[in-house]
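I list what I looked up, entry by entry.

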Amino acid sequence: MNSFIYQKKSLGQNFLIDKNIINKIIKIGNVEKNSTILEIGSGNGNLTSKIIDLNPKKIYAIEKDKKLTDFLKIKLQKNNKIEIINEDILNIIKIKNFGKNIIVFGNLPYNISTQILASFIQFEKWPPWYELLVLMFQKEVADRIISKESSSNFGRLSILSNWRLDIKKHFDVSRNCFFPKPKVNSTVLSFKPKKKNKFNIRNPKNLEMVTRVLFSNRRKMINKNFLKLFNGNKSIAEDLSLKLNQRPEDLSKEMYYKITMKYEELFG
Ligand code: SAH
């Protein structure tokens, strides 16, 4: 099979072909001899081969596409440190134990990139089993992840991901660095789990719910939606020193964490 002609659009297959960019991405991970690596969507193994060159202790390569998995097994079979797994990343991270202090790489399929990120935030045990995520997103999605309050990009994605992760932007990647060429440019971000978190939310699903309700009318003031959350109890806004005549994008991230903690305090 010629992997450069093969493409399943539904699986977001755009293969990174620029060697310089591949090397820059790998460098971010600081891979050492005793590292364990998890790669999301190994595709035709462009990144995987470069990771192998660094000779880490173990590499898990997760690829949903059966044909690509078979191709990878032939291409990389000589290496006994790699385990190639034909699975959906969203399933396997719930069931398989990869060990500890894992470094995760992924040039993510665009259509499920935010879902993948969300699932890396939701582990019950925190800090989780990974120490670093090095992930490539569509540029517009990365802009939303790193956005600050009062900007038009600011929203749920940024609130959720900054709650438990320290996020760093590394560089943009032109769409010309891929084959087949996607319609959009990309950005590489890295994420480190926060070891200590002042905002001790018990269930991440509550933060998701609170932000969903409060962002349901982006253009409108939050008062109605806030009162819906708290059964009309206005004094809660006062407790939180929160003005209800603001738009959702004008509240700080920390305020969303506080609102969620308050919600958990009252409704379990
Ligand atoms: N890492 C390669 C390929 C990136 S394209 C490179 O940089 O060149 C994204 C890859 O993710 C594709 O190979 C696609 O088949 C795979 N993929 C898509 N959805 C997936 C899922 N849910 N779980 C695991 N892999 C997936």
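I began with N55, which sits in the loop between α2 (46–53) and β3 (58–63). The model is predicted, and I took local features only at pLDDT of at least 70 and side-chain atom pairs only at pLDDT 80 or more, while totals for chains, interfaces and linings use all residues. Residues are numbered from 1 along each chain as its sequence is written, and side-chain values use heavy atoms, with hydrogens and water left out. Helices (H or I, at least four residues) and strands (E, at least two) are DSSP runs, numbered from the N terminus.

I noted a positive phi of about 60 degrees at N55, although N55 is not a glycine. I looked this up because most residues other than glycine have a negative phi, and most peptide bonds are trans. N55 is partly exposed, at a relative accessible area of 33%. My cut-offs are under 20% relative accessible area for buried, over 50% for exposed, and partly exposed in between (1.4 Å probe, protein chains only).

I then turned to S241, in the loop between α10 and α11. S241 is not a glycine either, and its phi is positive, near 50 degrees. Is S241 buried or exposed? With a relative accessible area of 65%, S241 is exposed. I also took a C-alpha distance: S241 and M255 are 14 residues apart along the chain and separated by 9.4 Å.

I checked the peptide bonds next. The bond from W126 to P127 is cis, with omega near 0 degrees. I place P127 in the loop between α5 (113–121) and β6 (130–138). F179 and P180 are also joined by a cis peptide bond, with omega about -15 degrees. P180 belongs to the loop between β8 (178–179) and β9 (186–193).

**Helix α11**

Which residues of α11 are buried? I found K253, M255, Y256, Y257, I259, T260, K262, Y263 and E264. These buried residues pack against α7 (156–164), α8 (204–214), α9 (223–229) and α10 (235–239); contact here means heavy atoms within 4.5 Å. Just after α11, G268 has a positive phi of about 80 degrees.

**Helix pairs**

Two packed helices are described by the angle between their axes and the distance between the axes. I use axes that are lines fitted to C-alpha atoms, for helices over the stretch in contact, with angles from 0 to 180 degrees between N-to-C directions. Angles under 35 degrees count as roughly parallel, over 145 as roughly antiparallel, 65 to 115 as roughly perpendicular, and the rest as oblique.

I took α8 with α11 first. Their axes are 9 Å apart, and the packing angle is about 115 degrees, so α8 and α11 are roughly perpendicular to each other. On the α8 side the contact has N206, L207, M209, V210, T211 and L214; on the α11 side it has Y256, Y257, I259, T260, Y263 and E264. I sorted the residues of this contact into eight nonpolar, three polar and one charged. Ala, Val, Leu, Ile, Met, Phe, Trp, Tyr, Cys and Pro count as nonpolar, Asp, Glu, Lys and Arg as charged, and the others, Gly among them, as polar.

For α7 and α8, the axes come within 10 Å and cross at roughly 155 degrees. The two helices α7 and α8 are therefore roughly antiparallel to each other. In this pair, R156, I159, L160, W163 and R164 of α7 meet P204, L207, E208, T211 and R212 of α8. The residues of this contact divide into five nonpolar, one polar and four charged.

**Two buried positions**

I looked up S147, in the loop between α6 (139–145) and α7. S147 counts as buried, at 5% relative accessibility. Setting aside neighbours within four places in sequence, I list N153, F154, G155, S158 and K253 as its contacts. The C-alpha atoms of S147 and I159 are separated by 9.1 Å, at 12 residues apart along the chain.

My last entry is F15, in strand β1 (residues 15–16). F15 is buried, at 6% relative accessibility. From F15 to N44 I read 7.4 Å, C-alpha to C-alpha, for 29 residues apart in sequence.
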